[in-house]
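Below are my notes, in the order I looked things up.

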Amino acid sequence: MATLFTKTKLYLEANSKTWEAEQENIRLQNDGDGDYIHTWSVDGLVKPTDEQLATYETAGNTEESNQTVIATRKNLYGSWESQLEEIYDDGIDSWKARILQIKTDNPKE
């Protein structure tokens with residue numbers, strides 16, 4: 001189940017806004033009965049209804065799954081310094097093959 005944060009972020013993006021630009025104008029909260037939008041003061045965009053946010057469930061699940069895959073890939077890639085050293089020591093083709101294998105083993109949706 002996609003989080004309220006992810007669905008809200010997707011709602012903003014679908015309406016030409018970004019979470020980064022609007023995070024000061026939105027407050028998500030949970031008082032023990034589940035997540036909800038506590039504060040919404042996004043200029044030119046009305047607060048989404050629960051029904052509107054529910055339409056982002058599938059896209060939200062995909063987004064969250066892909067973020068997990070991206071984090072796994074980054075961990076497996078190693079630092080850019082170690083990747084440069086690998087390219088220097090083993091050649092670019094060896095590095096490309098390793099990166100391709102990581103992407104193959106950890107596909108995005």
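Predicted model: local features only at pLDDT ≥ 70, side-chain atom pairs only at ≥ 80, totals over all residues.

**Entry 1: K74 and the ground rules**

I began with K74, which counts as exposed at 59% relative accessibility. My cut-offs for relative accessible area: buried is under 20%, exposed is over 50%, and partly exposed is in between, with a 1.4 Å probe and protein chains only. K74 lies in helix α4.

Residues are numbered from 1 along each chain as its sequence is written, and side-chain values use heavy atoms, with hydrogens and water left out.

**Entry 2: the whole chain**

How many helices and strands does the chain have? I found six helices and two strands. Helices (H or I, at least four residues) and strands (E, at least two) are DSSP runs, numbered from the N terminus. From that end, the order reads α-α-β-β-α-α-α-α. The radius of gyration is 19 Å, well over the 13 Å that the globule rule gives for 109 residues, so the chain is more spread out than a compact globule. That radius is taken over C-alpha atoms, and the rule is 2.2 Å times the number of residues to the power 0.38. I also took the spans of the C-alpha trace along its principal axes, which are about 55 × 25 × 25 Å.

Of the 109 residues, 28% count as buried. The chain exposes about 7,400 Å², and carbon and sulfur atoms supply 51% of that; the areas come from the Shrake-Rupley method with a 1.4 Å probe, and for residues only the protein chains shown count as cover. Next came contacts, meaning heavy atoms within 4.5 Å. Among those between residues at least 6 apart in sequence, 56% join residues at least 24 apart.

**Entry 3: helix α4**

Back to the helix that holds K74. Helix α4 covers residues 57-77, and at 1.5 Å a residue its 21 residues should span 30 Å; I found its end C-alpha atoms 30 Å apart, which agrees. The expected span is 1.5 Å times one less than the number of residues.

Which residues of α4 are buried? They are E57, G60, N66, V69, R73 and Y77. These pack against α1 (4-14), α3 (50-54), α5 (80-90) and α6 (92-105). After α4 comes G78, whose phi is positive, near 85 degrees.

R73, in helix α4, is buried, with a relative accessible area of 11%. What does R73 touch, leaving aside its neighbours within four places in sequence? I listed I102, K103, N106, P107 and K108.

I99 sits in helix α6. I99 is buried, with a relative accessible area of 11%. Again leaving aside neighbours within four places in sequence, I99 is in contact with Y77 and Q83. I checked A59 as well: it is 40 residues from I99 along the chain, and their C-alpha atoms are separated by 26 Å.

Is α1 mostly covered or mostly open? Mostly covered: eight of its eleven residues are buried. I wrote them down as L4, T6, K7, T8, K9, L10, Y11 and L12. What covers them includes α2 (19-22), β1 (26-30), β2 (35-40), α3 and α4.

Just after α1 I stopped at S16. S16 lies in the loop between α1 and α2. Its phi is positive, about 60 degrees, although S16 is not a glycine. Most residues other than glycine have a negative phi. At 71% relative accessibility, S16 counts as exposed.
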